[in-house]
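Student: I have a structure open and would like to learn how to read it. Where do we begin?

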Amino acid sequence: MMKIGLVYVKGAVPGFENFGNLPTHLVKGNGLIEGKNAHRVLDGIIIPGGSIVESESLTPELNHQIKVMAGQGKFVLGICSGFQVLSKKTDVGRKSPFPIEKEGMGLLDVSFSPMISNDQVEARITAESFLTRGLVGETINGFHCHTYGHITENGSEEVIHLLYSKIKRVNYADDAREVLAGVRNPEGNVVGTMVHGCLDNNPHLVENILKFIEADDKDRLQIYNDNQILVKKIKGHLGIETGIVVDNEPWQKNNIAGGSDNIPPTIMVGSTGSDSGKTFLVTGMAGAFRRRGLKVGVLKVGPDIRDIVPALYLTKEKMESHSSIRIGHLGWMDLENVLKSLKSFNYDLVIIEGVMSVFTGLLNEKVPYSGAEIAWAANIPLLLVSGCSKGGIETAAADLASHAYILRKMGLEVPGVIFNRVYDSEIFQKASQIFKNDSDLKIIGEVPKVKLSKRGGTPEVEIKLEEFSLMALKTVENNLDLDKILDLAKKPQFMGFLPLEEIEKTFNYKYNFNSK
């Protein structure tokens, strides 16, 4: 029986993609498969993306097994963080004045440094390997989702360029270019690529792997069947090695989902500004609802899909084309088609994470260019968040009240507000009195300030997915009323976008906080 391993350690995102339905066995930190060394059992191994490098979760035992497999001529495929694991080192100090380098296995003689890319891409194949045999000169499709994507050769002649991706943006700026996105070792059996979805979107790559391991028709059927069992096992737990089992009893009995041909109930988590804690709260909500047995879709307004990776780490849902809602020229799929796409995924609930402030980009001539416009165009309720760290609880209250006022003038529904990183409950109680006469407000949430033990607060820095995600889950479950949040969600309907002149009129209203 043929066996293909999938590395399953903290920081990996094994649900991010299907890997061509190839993996049949999980390979954990002990490097064992059914009590035997992985290199004696497996025909090949896939190392997924995530934050494996930052989490430092690749143990010496597993490291050794992968190296032995490479030496045996078996295939080793690393994707994104899995690629970084195979490299010499990765500088994860994006916001540090000096490099913060994490050592890799050195099977591929390249190094990584910060470069953000979140594009859907076409990648040009430039060399043969177990993955690309007979495909030189052709292109494959996939997507980038990384913070540390700049690849540098270390001067060795043992690295062969394999893939070049066409990207549109680099580090938040429009900067179209073609970048190195994949390499192989001299033997061609060890490959690293930054292209997520390369196996799912390009069946000929999967076919090459099956041919490389000499799988016949019977082997292929067995691999597929074993993969289906594996996927069910993966999705039966939140995160990795958390011990949290998902309640998979059908949620539809509670009439939350309206059937496979309907758009699921949706809510947007927007904010009064950047660094409000949207990603943290969306991660916690997604994990908490998934723990209850809901199938949760998590989307992002705009292109920075890195923000929803922690939520997908918990829920084990895939990154889909509808995961990024386009605003202007930024992002993957326009809102109308996002809603059409959602019909076929049978989600019980969709949570949309906004971008920056809900108003950021609102007066840009490109329509839509803000979270508010996306929410308005589909009649999506807004759960509005403000962080208390920078201006204090009082400023957060004023920001929430003023944002809610203008949003409602635009015709948006704002049924809830959340004070995030509250450092004093007594001050919160006083500040929240600004909303005491607001009969439309269903939730006034209070989330305390939490501290992560090490670096890793946001995707902008050295994030440790397991710590960030589990802390978010715990914080949300302990401090927010999930039943009330679920009640706020509504099935969206595309209505078209508000013309810029109407938006400008809204901003000409005089503030009157005593009126709705």
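Tutor: We begin with the radius of gyration. It is taken over C-alpha atoms, and the globule rule is 2.2 Å times the number of residues to the power 0.38. With 516 residues, a compact globule would have a radius near 24 Å; the protein chain has 23 Å, which agrees. Along the principal axes, the C-alpha atoms fill a box of roughly 75 × 45 × 45 Å.

Student: What kind of model is this?

Tutor: It is a predicted model: local features need pLDDT of at least 70, side-chain atom pairs count only at pLDDT 80 or more, and totals for chains, interfaces and linings use all residues. Residues are numbered from 1 along each chain as its sequence is written, and side-chain values use heavy atoms, with hydrogens and water left out.

Student: How many helices and strands are there in the protein chain?

Tutor: Helices (H or I, at least four residues) and strands (E, at least two) are DSSP runs, numbered from the N terminus. The protein chain has 16 helices and 22 strands.

Student: What percentage of the residues is buried?

Tutor: Buried means under 20% relative accessible area, exposed over 50%, and partly exposed in between (1.4 Å probe, protein chains only). Here 60% of the 516 residues are buried.

Student: How many disulfides does a search of the whole structure find?

Tutor: A disulfide is a covalent bond between the sulfur atoms of two cysteines. The test is a pair of cysteine sulfur atoms within 2.5 Å. The search finds 0 disulfides. Cys80 is in none; the nearest cysteine sulfur, that of Cys145, is 6.6 Å away. Cys80 is buried, at 5% relative accessible area. Cys145 is buried too, at 9%.

Student: What should I look for in the backbone?

Tutor: Most residues other than glycine have a negative phi, and most peptide bonds are trans. Look for departures. The peptide bond from Val367 to Pro368 is cis, with omega near 0 degrees. Pro368 lies in the loop between strand 19 and helix 11. Just after helix 11, Asn379 takes a positive phi of about 55 degrees.

Student: Phe19 also has a positive phi. Is Phe19 buried or exposed?

Tutor: Phe19 is buried, with a relative accessible area of 1%. Its phi is near 55 degrees. Find Phe19 in the loop between strand 1 (4-7) and strand 2 (25-27).

Student: Where is Glu34, and is Glu34 buried or exposed?

Tutor: Glu34 sits in the loop between strand 3 (32-33) and strand 4 (36-37). Glu34 is exposed, with a relative accessible area of 65%. Its phi is near 50 degrees, a positive value in a residue other than glycine.
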